[in-house]
Amino acid sequence: MKGRSVTTPIAWQKSSFSETHGACVELAAADGAIRLRESDDPHIVITTTPRPLGTLIRGIKTGEFDHLGA
């Protein structure tokens, strides 16, 4: 149809370790970007790219941010 764009729905994924009733982070790849959202509030979406997301994940795994929860 002319003048109308068709968008593919975003396929959100969550970890198999996530709870079934929510309270998890969901990820989706779309348009060359990575999108993140909280399952409890899915209307707020953070967009990033693979490199900064990888840096964040490595920092979490090594405990770089552990002092923030103290």
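## Exercise 1: Two salt bridges

The side chains of Arg-35 and Asp-31 form a salt bridge at 3.5 Å, N to O; here a salt bridge is a side-chain nitrogen of Lys or Arg within 4 Å of a carboxyl oxygen of Asp or Glu. Before we go on, please note that this is a predicted model, in which local features need pLDDT of at least 70 and side-chain atom pairs count only at pLDDT 80 or more, while totals for chains, interfaces and linings use all residues. Residues are numbered from 1 along each chain as its sequence is written, and side-chain values use heavy atoms, leaving out hydrogens and water.

Task: Find how many salt bridges the whole structure has, and describe the partners.

Step 1. A search of the whole structure gives two salt bridges.

Step 2. Arg-35 has 21% relative accessibility, so it counts as partly exposed. Asp-31 reaches 76%, so it is exposed.

Step 3. Glu-26 and Arg-37 also meet through their side chains in a salt bridge, at 2.6 Å, N to O. This pair links distant parts of the chain, with Glu-26 in strand S2 and Arg-37 in strand S3 (residues 33-38), 11 residues apart. Glu-26 counts as buried because its relative accessibility is 14%.

## Exercise 2: The order of the elements

Step 1. Helices (H or I, at least four residues) and strands (E, at least two) are DSSP runs, numbered from the N terminus.

## Exercise 3: A loop residue and its contacts

Task: Locate Ala-23 and list its contacts beyond four places in sequence.

Step 1. Ala-23 sits in the loop between strand S1 (13-14) and strand S2 (25-30). With a relative accessible area of 45%, Ala-23 is partly exposed.

Step 2. Contact means heavy atoms within 4.5 Å. Leaving aside neighbours within four places in sequence, Ala-23 is in contact with Glu-38, Ser-39 and Asp-40.

Step 3. Ala-23 and Asp-40 are 17 residues apart along the chain, and their C-alpha atoms are separated by 5.9 Å.

## Exercise 4: The end of the chain

Task: Decide whether Leu-68 is buried or exposed.

Step 1. Leu-68 lies in the segment after helix H1 (50-61).

Step 2. Leu-68 has 61% relative accessibility, so it counts as exposed.

Notes: Buried < 20%, exposed > 50% of the residue type's maximum accessible area, 1.4 Å probe, protein only.
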